[in-house]
Amino acid sequence: MNKAMSISVESISRILMFNSERDLREALAENEHLQYLAGLEKIHHMNFPGVYLAGFRTLDNEEQNHTAIRTE
């Protein structure tokens with residue numbers, strides 16, 4: 001394996017992958033429940049071109065989903 005990226009997703013319930021930096025930035029600006037994960041830093045552009053990730057935060061989903069199981 002030449003390159004690998006590790007992302008902590010402890011507080012993320014779902015990960016979204018975007019086709020472009022523009023799409024990622026628009027989604028982050030329009031949805032307060034999304035958390036940026038990867039794709040905007042220079043090192044990401046160099047090592048993982050075209051990879052743009054964000055995720056829905058777990059606590060936000062629990063507040064909206066009454067069937068979610070809370071772990072505290």
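Mentor: Before we start, a contact means heavy atoms within 4.5 Å. What you see is a predicted model, so local features need pLDDT of at least 70 and side-chain atom pairs count only at pLDDT 80 or more, while totals for chains, interfaces and linings use all residues. Residues are numbered from 1 along each chain as its sequence is written, and side-chain values use heavy atoms, with hydrogens and water left out.

Trainee: Okay, what pattern does the protein chain follow along the sequence?

Mentor: Helices (H or I, at least four residues) and strands (E, at least two) are DSSP runs, numbered from the N terminus. The protein chain has 3 helices and 3 strands. Read along the sequence, they give the pattern β-α-β-α-β-α.

Trainee: In what order do the strands sit in the open sheet?

Mentor: Two strands pair if DSSP finds at least two bridges between them. β1 and β3 (residues 52–57) are joined by 6 bridges, and β2 pairs with β3 over 4 bridges. The pairing is antiparallel, and the order is β1-β3-β2.

Trainee: Which are the edge strands, then?

Mentor: Look for strands that pair on one side only. In the order β1-β3-β2, those are β1 (12–18) and β2 (34–38).

Trainee: Which residue in β3 is the bridge partner of I12?

Mentor: β1 and β3 run antiparallel. F18 has Y52 as its bridge partner in β3. For I12, the partner in β3 is R57.

Trainee: And which residue in β3 stands opposite A38?

Mentor: Here we're looking at β2 and β3, which also pair in the antiparallel sense. Opposite A38 stands L53.

Trainee: At about what angle does helix α1 run to β2?

Mentor: Axes are lines fitted to C-alpha atoms, for helices over the stretch in contact, and angles run from 0 to 180 degrees between N-to-C directions. Helix α1 (residues 21–30) lies across β1, β2 and β3. Its angle to β2 is about 150°.

Trainee: How many residues of β3 are buried?

Mentor: Buried means under 20% relative accessible area, with a 1.4 Å probe and protein chains only. Across the 72 residues of the protein chain, 24% are buried. β3 is largely enclosed by the rest of the structure, because the buried count there is 5 of the 6 residues.

Trainee: What share of the contacts between residues at least 6 apart joins residues at least 24 apart?

Mentor: Take the contacts in the protein chain between residues at least 6 apart in sequence. The share joining residues at least 24 apart is 56%.

Notes:
Buried < 20%, exposed > 50% of the residue type's maximum accessible area, 1.4 Å probe, protein only.
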